[in-house]
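Subject: Structure handover

Hi,

Here is the structure I promised to pass on. My notes follow it.

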Amino acid sequence: MASKMRAARDVTGHPISLAIAERKEYTKPLHCEFCDAQVSFVNGYTRTVGEDTIAVEPFFRLLKGHKHHNGCDYDIAGQIAIIARESEGDVIAALKGDKYELRLLAVKKALEQLHAAEQQKKELDPNKPVSTQEKRYAPGETRLGAYINSAKRVLKVRAVCEEHSEIEDFLTLAFDGVRIPWSNFYFEDDDYFRCHRQLSTSSTQIPVAIHGTVKVIKPISTQGGNFMMLELVRPMQNTDKADIRKVAIVSIWSHDARAFEGYQKGQQIIAFGMWAPKPQKEIENKKAGSPIKTFVNYEMRLWPVTRSQLCNA
Ligand SMILES: [Zn+2]
């Protein structure tokens, strides 16, 4: 199975970095840096998402019909098995034939319990904001935090795959015994509108992971208090009216001033948890002379209870 790789080897075993490959200073065939599987180089490029241009980094990909060896760092089945082995409780369950299942209900419950614990702490000492960074976990919370961490590790594996199919053969998703397709759990920026629809129309809310590029990180002051907000690049869609465009707005919020330390504009991230959709809203475009007169905002927000709900990808 495939994943995006950052290095390869040539026939003589010489390491080939992405920079070397970009300068075409290598002879084919290339191999995985850890095993004999054959790989090829994929050039980087830029693509436009809404008003932003995003750089897609170059990478090495497995050649069709080739497989990483057991034990190779890029062997997805092996990586999932390691995460499952190191996971606590039943958040990842072993199924028949070396397959595993991530239990999203356990993830949701862990998030709810962490949230409840945080609320309780706030009530005990209302003058002290509970910093998600400096939070000391009680023993029960350590276990809950470990659940969230397992989910995060799984998402990082997904992020280096090109397709859902590369991970879903080894790790299926379940919520309360119901199978959830990966496409309803992990959303990239070409799919934010469908994510908004799912969040707005499902009777049962499941945790959802959103992958995207950081557009801005900034403090926000409102009557309700001071927050930090991280917003992802906004995909847009045309409508059947030439002067109306749809905009997907995905943002992550925190009371903690240091919540997004270490993250920066242009970075790829994944954030997962119980995303809250806002009803779609029409906004007048104030830019004079623009052919677009109205934007219809499709907004989704996440208030993480732990830093593990966010990671770079
Ligand atoms: Zn390999």
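Start with the sheet. It is open and has four strands, in the order β8-β9-β10-β11, and the pairing is mixed. The edges are β8 (92-94) and β11 (178-180), each of which pairs on one side only. From one strand to the next, the twist averages 40°. Bear in mind that this is a predicted model.

Inside the sheet, look at β9 and β10. Strand β9 covers residues 100-103 and strand β10 covers residues 171-175. The two run parallel, and four bridges join them. For a landmark on this pair, take L102: the residue opposite is L173 in β10.

Now the domains. The protein chain is split into domain 1 (1-66) and domain 2 (101-312). Taken over C-alpha atoms, their centres are 30 Å apart. The two domains do touch: eight residues from domain 1 and twelve residues from domain 2 make up the contact.

What classes of residue does domain 1 bring to the side that touches domain 2? Four are nonpolar, two are polar and two are charged.

Best wishes

Technical notes:
Residues are numbered from 1 along each chain as its sequence is written. This is a predicted model: local features need pLDDT of at least 70, side-chain atom pairs count only at pLDDT 80 or more; totals for chains, interfaces and linings use all residues. Two strands pair if DSSP finds at least two bridges between them. Axes are lines fitted to C-alpha atoms, for helices over the stretch in contact, and angles run from 0 to 180 degrees between N-to-C directions. Domain bounds come from an automatic or database domain assignment. Two residues are in contact if their C-beta atoms, placed from the backbone, lie within 7 Å. Ala, Val, Leu, Ile, Met, Phe, Trp, Tyr, Cys and Pro count as nonpolar, Asp, Glu, Lys and Arg as charged, and the others, Gly among them, as polar.
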